[in-house]
Amino acid sequence: APFVAFAACAIKASVGPGRFSKVIAMTPEASSAPRRATPGDADELTRLREIMLVAVGVVAVSAGADWRTACAADLRRRLAGGPDAVGFVVDQVPGVHGRLAASGIGLVRHELPGPLSLDGRVGYVLSVCTDEAFRGRGYATAIMSSLLEWFRGEGIRKVDLHASPFGIEIYRRLGFVEPANPELSWRDPAP
């Protein structure tokens with residue numbers, strides 16, 4: 001299921017044909033290049049996802065641990081192989097796997113074929129987050145550039161995401177635009 005979050009503060013953005021070649025390189029402040037995430041990064045990816053979800057008001061700090069356990073397990077499974085998921089991360093200590101400074105995840109969604117995707121594959125970016133102590137170093141931009149390059153290598157020409165107020169300018173600089181038709185979400189009110 002697609003990631004549905006950010007309520008009223010979110011916009012949906014898309015990269016269409018002709019804009020995909022606009023990828024910004026890491027800024028000089030970024031001292032560590034992103035690496036591809038592994039299943040061993042699942043707990044840290046979940047930690048950064050929680051930071052992002054709390055920051056945009058989607059989940060309370062006091063939320064139960066069940067979702068964290070399920071998220072980490074799903075990430076381990078998806079990152080173990082298969083063509084439909086990828087993560088890029090920046091380590092807090094360059095070259096030393098363990099604690100992450102920043103992360104981002106890319107998923108391949110399957111929709112009906114259309115003019116931008118004859119096979120119906122569309123990219124989706126989620127959980128782009130930089131630990132507060134490491135912000136302002138260009139890590140999110142570098143991770144987004146790595147994700148867009150990965151999607152391009154997979155032959156995916158359209159990528160969507162939900163932007164928070166914290167990241168929207170990064171996405172715009174990379175060529176993301178607000179779509180003409182807004183995306184709406186429905187949540188089952190049943191407990």
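This is a predicted model: local features need pLDDT of at least 70, side-chain atom pairs count only at pLDDT 80 or more; totals for chains, interfaces and linings use all residues.
Visitor: Which residue just after α2 takes a positive phi?

Guide: That is G81, whose phi is about 155 degrees. Residues are numbered from 1 along each chain as its sequence is written, and side-chain values use heavy atoms, with hydrogens and water left out.

Visitor: How do you know that the length of helix α2 agrees with what it should span?

Guide: The expected span is 1.5 Å times one less than the number of residues. For the 14 residues of α2 (residues 66-79) that comes to 20 Å, and the end C-alpha atoms are 20 Å apart, so the two agree.

Visitor: Why is R47 called buried?

Guide: R47, in helix α1, has a relative accessible area of 17%, and therefore counts as buried under the 20% limit. Leaving out residues up to four places away in sequence, R47 touches Q92, R99, L100 and D131, where contact means heavy atoms within 4.5 Å.

Visitor: What does the side chain of R47 reach, and what makes that a polar contact?

Guide: The side chain of R47 reaches the backbone oxygen of L100 at 3.0 Å. A polar contact is a pair of N or O atoms within 3.5 Å, one able to donate a hydrogen and the other to accept it within protein, and residues adjacent in sequence count only if both atoms are side-chain atoms. The 3.0 Å distance is within that limit, so the pair qualifies.

Visitor: What makes a group of residues a nonpolar core, and how many residues has the largest one here?

Guide: The name is for buried Ala, Val, Leu, Ile, Met, Phe, Trp, Tyr and Cys residues joined through side-chain atoms within 4.5 Å. The largest such set has 26 residues, and V125, M144, L147, F151, Y171 and F176 have the most contacts inside it. β3 (85-93), β4 (96-110), β5 (121-130), α3 (139-153), β6 (159-163) and α4 (168-173) each supply at least two of its residues, with α3 giving the most, 8 residues. Beyond its neighbours within four places in sequence, V125 is in contact with residues including I105, M144, L147 and F151. Apart from this core lies another, of 20 residues, among them A37, M52, L79 and L126.

Visitor: How do you know whether S127 is buried or exposed?

Guide: Its relative accessible area is 4%, so S127, in strand β5, is buried. Phi of S127 is near 55 degrees, a positive value in a residue other than glycine.

Conventions: Buried means under 20% relative accessible area, exposed over 50%, partly exposed in between (1.4 Å probe, protein chains only).
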